[in-house]
Amino acid sequence: MMPLHCMSRVWREPARLVVFLGFLLNPLLLSALDVPPLTGRIVDLAGALPAHDAEQLSARLEAHEQQTGNQVAVLILPSLEGEPVEEYSHRVATTWRLGRKETDNGVLLLIALKERKLRIEVGYGLEGTLTDLRSAHIIRNEIVPRFKAGDIPAGVRAGTDAILQTIEGTYQAAESPTRDRQLLQSSAFQYVIIGVFVGFLAGLVLSQGLRRARALLGAVLTFMVAQAASILWGVAAAGLTAVLLWMALSAKGPGRRRGFDDWTWYRSSRGGWSGGSFDHGGFSGGGGDFGGGGASGDW
Amino acid sequence: MGRVYMIVLGVLMTGGLWGCGYNDLQGLDEDTKAAWSEVVNQYQRRADLIPNLVATVKGYAAHEKETLEGVVQARAQATGIQVTPEMLKDPAAFEQFQKAQAGLTSALGRLIAIAENYPNLKADQNFRDLQSQLEGTENRITVARKRYIDRVAEYNKMVRYFPTNLTAKFILHLDERPNFSVADEKAVAKPPEVKF
């Protein structure tokens with residue numbers, strides 16, 4: 001019994017498909033350089049770092065993350081293929097989602113060998129310490145002189161060292177997130193309780209109709225309210241209302257026994273919610289965001 | 001019994017609003033405002049850097065009066081505009097803001113371009129630092145604008161798409177928002193003219 005115009009949601013999918021196809025055909029987007037997969041803290045696609053250096057650096061970055069929570073990664077590319085370094089580096093940083101979600105404490109050092117360009121991309125949370133100016137100084141004074149001398153590994157080492165020194169001690173271990181979660185759960189709980197209450201009442205108040213229809217209506221109403229917490233909570237609350245209503249109505253009046261029809265209807269109509277994130281093992285971004293802070297340079 | 005039905009109807013309508021983007025629209029409305037604040041914030045940051053920059057350039061190239069004054073004027077124009085939330089709803093005011101900021105962008109471009117002619121200025125530590133900060137800010141502006149453009153596009157879609165447009169129009173009274181235009185992008189992307 002939702003207002004009629006809700007039904008036209010169906011039309012949105014084809015529209016999206018058209019837009020999506022349009023994107024596929026857009027030559028500009030086709031030529032854009034892909035973001036490489038985040039295989040580790042050091043992603044060296046140009047093979048510029050000897051394995052020994054890469055390992056050492058990676059260990060250093062890992063130790064730093066354990067100590068401070070800051071996520072620092074290095075990407076070395078053979079070429080940018082015509083893309084502006086700022087745009088590409090922001091795209092990589094936001095795709096990799098370096099840094100923690102609440103603190104946005106990620107840093108990306110990106111180096112493009114062919115264009116001889118580099119950039120330090122700084123997450124929102126570190127902009128205060130690793131400022132644009134500080135990033136520019138690191139590039140200008142630590143990295144570029146070594147790159148100019150032809151020693152890429154030394155430049156990367158000196159650069160990451162300077163970055164780590166700058167941001168060391170800036171991050172206090174996050175207070176245990178339990179409080180936030182409790183808060184979230186309690187508000188989710190409110191939605192669920194109100195939802196069940198509203199759905200149950202509505203189901204009871206309706207004097208006519210089949211028991212099944214009334215339980216269904218109550219469940220749908222509950223879902224509408226409780227989905228504000230999350231889809232999962234909505235489904236759970238709706239199920240609860242359906243069961244409660246079914247029991248209450250069975251106790252009260254006549255009605256056909258139809259077993260678990262409502263349940264099967266419900267499960268099939270709202271099947272499949274998205275799963276949680278998968279841990280690939282190894283290194284992955286923590287959900288940090290980037291607002292374009294940092295500096296670029298060339299050599 | 002009539003009253004009971006009214007209650008049920010009310011509950012259903014509330015539920016229907018949820019289903020038809022009431023919350024989504026409200027959320028997107030807030031999102032666009034937040035994205036807009038970030039844009040304004042970054043533009044402000046740029047404006048704050050300019051007095052220092054002008055003073056530094058003056059030290060080396062005091063006779064480039066025209067360019068220097070151009071920057072000062074453009075800055076005054078850009079900061080003179082009162083930024084209000086109402087601006088988001090008013091295409092004309094939005095356009096004006098956009099134009100003023102684009103004017104400042106090109107005036108700054110000219111200033112940086114003339115710096116190329118003064119090796120001493122280019123080597124000045126203070127100038128280099130200011131230039132890095134300016135570059136950083138321009139980049140943040142780009143990011144903030146991009147985010148705003150995305151948010152507004154999303155919002156406008158919701159306001160125009162069929163089921164949700166009814167909620168937007170009749171219940172929330174939300175209108176489409178002006179976005180940064182391509183013409184403006186072109187003006188910004190245009191390389192500054194270099195005069196000799």
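Tutor: Start with helix 8 of chain A. Its buried residues are Arg211(A), Arg214(A), Ala215(A), Leu217(A), Gly218(A), Ala219(A), Leu221(A), Thr222(A), Phe223(A), Met224(A), Val225(A) and Ala226(A). Buried means under 20% relative accessible area, exposed over 50%, partly exposed in between (1.4 Å probe, protein chains only). Helices (H or I, at least four residues) are DSSP runs, numbered from the N terminus. This is a predicted model: local features need pLDDT of at least 70, side-chain atom pairs count only at pLDDT 80 or more, and totals for chains, interfaces and linings use all residues. Residues are numbered from 1 along each chain as its sequence is written, chains are lettered from A and ligands numbered from 1 in the order in which they are written, and side-chain values use heavy atoms, without hydrogens and water.

Student: Why is helix 8 of chain A described as largely enclosed?

Tutor: Twelve of its 16 residues are buried, so the rest of the structure largely encloses it.

Student: What span should helix 8 of chain A have?

Tutor: The expected span is 1.5 Å times one less than the number of residues. For residues 211-226 of chain A that gives 22 Å, and the end C-alpha atoms are 22 Å apart, which agrees.

Student: How do I describe two packed helices?

Tutor: Use the angle between their axes and the distance between the axes. Axes are lines fitted to C-alpha atoms, for helices over the stretch in contact, and angles run from 0 to 180 degrees between N-to-C directions. In chain A, the axes of helix 5 (residues 132-148) and helix 6 (residues 152-167) come within 8 Å and cross at roughly 155°. Helix 5 of chain A and helix 6 of chain A are therefore roughly antiparallel (over 145 degrees). Their crossing is right-handed, meaning the near helix is turned clockwise from the far one by less than a right angle.

Student: Which handedness does the crossing of helix 3 and helix 4 of chain B have?

Tutor: Left-handed. The axes of helix 3 (residues 65-80) and helix 4 (residues 91-115) of chain B come within 8 Å and cross at roughly 155°. These two helices of chain B are therefore roughly antiparallel to each other.

Student: Is Thr137(B) buried or exposed?

Tutor: Buried, with a relative accessible area of 0%. Thr137(B) lies in helix 6 (residues 125-160) of chain B. Leaving aside neighbours within four places in sequence, Thr137(B) is in contact (heavy atoms within 4.5 Å) with Asp132(A), Gln42(B), Arg45(B), Arg46(B) and Leu49(B).

Key: Parallel < 35°, antiparallel > 145°, perpendicular 65-115°, else oblique.
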